[in-house]
Amino acid sequence: MTLVELLVVLVILAGLTAAVMTGAAATREKGRYEQTARDAEAMAEALTRADGLSLVSDLGLAPDSAEALCLLFGARLPTETVTPDPENPGGTVTSVAVLDVPAWALRSAPLIPAAIAPADLPAEVAAITNRFAAVTLGAGWRGPYCEGRALDADDSDPDNPIPYVVDGFGGPWEFDGETLVSRGRDRMDDALRPDAAAVDWRDRDRSFAVAVPTPTLSLTVKPEGDAVVKRLHVFVHQPALTVGAASASVGLACRYHRFENADSVLLDEGLTLGERVVFVLAETASGAMAAPPRRVLLRPGANAVTLPLHYASAYPLTSP
């Protein structure tokens, strides 16, 4: 083989190698692009599932930030704390802490929390709560809820790594409660570009809508006999994640609703999907009436529940 022939062979091999590497890089980039879509689909599905085994039903909330998305994968929640800057009067310092969210457990709470019961709640009506046990409801983190990409961590502080969720290109997701946004390969906002239309497809922003369904609860009460409801008190218990400056806790929250001269009501604010406990008290001309606490699995859309009301004397006078 002459030197010229050897050079020709080397040139051909170099061309083939370059072609193969270019094809492999393109395939890899396409895979990352498609992975981003799969991750978004998995997170959206986890946030919109309508059964009682979701993050929304366990914690009583839907994530509204990229930091809260971490709860889909692990029980560690990054939170930002803004404090005054001692070295810059009038300025502030933002620090990130990582809180551990309590695991699932049976939480209990009074049927009518003292902080919620109105001051003018008739004594006869309030006394009915002593005839039922306190409400119990499963609450807490019991994930992971998502089979998408696992969390990455910011290792700037090895003793307390900060979790965050990344897209297929390794960049952090952005989330406002309604839309997941990936900034693509270069992690740059298209709105800041002089010519977004000419951007490489791998660098473009991609948005994915997340429509977390909201339930409504339609309650109809059936008073005993021919009684007419003068006032209706409705208590809906649900899990609640409380985030403090140094800790996170999971308990039960109670939403109180009061209606005048109504035996059919619609609740459409503050409800989340999952199992909830409904407790109803009613005042009639003849006295107080109640329905035993009712567990209701709230699904997307309207949830109709009919509760029979009986006079308080129908219940045994036993304490919880």
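Through how many residues does a hairpin join strand 11 to strand 12? The hairpin that leads from strand 11 to strand 12 passes through four residues. Please note before continuing that this is a predicted model.

**Stop 1: the hairpin and its strands**

Select residues 229-243, which form strand 11, and then residues 248-260, which form strand 12. The two strands run antiparallel and are joined by 13 bridges. To see one pairing position, display Phe 235 together with Tyr 256, its bridge partner in strand 12.

**Stop 2: the seven-stranded sheet**

Now extend the selection to the whole sheet. Seven strands make up this open sheet, in the order 12-11-14-15-16-10-13, and their pairing is mixed. Which strands stand at the edges? They are strand 12 and strand 13, the latter covering residues 264-267. Each has a single partner strand, so one side of each is left without a neighbour in the sheet. Viewed along the sheet, neighbouring strands are turned against each other by 20° on average, direction ignored.

Within this sheet, select strand 15 (residues 287-298) and strand 16. They run antiparallel and are joined by two bridges. Ala 290 can be displayed here, standing opposite His 310 in strand 16.

**Stop 3: Val 305**

Remain on strand 16, which spans residues 301-311, and select Val 305 within it. Is Val 305 buried or exposed? Val 305 is buried, because its relative accessible area is 7%, and the cut-off for that class is under 20%. Show the surroundings of this side chain: leaving aside residues up to four places away in sequence, Val 305 touches Leu 217, Ser 218, Leu 219, Thr 220, Arg 294 and Val 296.

**Stop 4**

Select Arg 295 and Glu 275, which form a salt bridge whose closest N and O atoms are 2.9 Å apart. Arg 295 belongs to strand 15 and Glu 275 to strand 14 (residues 274-284), so the pair ties together parts that are 20 residues apart in sequence. Arg 295 counts as partly exposed at 42% relative accessibility, and Glu 275 likewise counts as partly exposed, at 36%.

**Stop 5**

Move to strand 1, residues 76-84, and select Thr 79. Thr 79 counts as buried, with 13% relative accessibility. Its contacts, not counting residues up to four places away in sequence, are Ser 95, Val 96, Ala 97, Leu 99 and Val 243.

Asp 100 is exposed, its relative accessible area being 54%, whereas Arg 76 counts as partly exposed at 29%.

**Stop 6**

Select strands 7, 8 and 9. They form an open sheet in the order 7-8-9, with antiparallel pairing. Strand 7 (174-175) and strand 9 (206-209) stand at the edges; each has a single partner strand, so one side of each is left without a neighbour in the sheet. Strand 7 pairs with strand 8 (residues 179-182) over two bridges, and Phe 175 stands opposite Leu 180 in strand 8.

**Stop 4: further salt bridges**

The structure holds 15 salt bridges. Select Arg 202 and Asp 200 for one of them, in which the closest N and O atoms are 2.8 Å apart. Asp 200 counts as partly exposed, at 27% relative accessibility.

**Stop 5**

Leu 7 lies in helix 1, residues 3-48, and is partly exposed, with a relative accessible area of 47%.

Key. Residues numbered from 1 in each chain as written. Predicted model: local features only at pLDDT ≥ 70, side-chain atom pairs only at ≥ 80, totals over all residues. Heavy atoms only, no water. Buried < 20%, exposed > 50% of the residue type's maximum accessible area, 1.4 Å probe, protein only. Contact = heavy atoms within 4.5 Å. Pairing = 2+ DSSP bridges. Axes fitted to C-alpha atoms, helices over the stretch in contact; angles between N-to-C directions. Salt bridge = Lys/Arg side-chain N within 4 Å of Asp/Glu carboxyl O.
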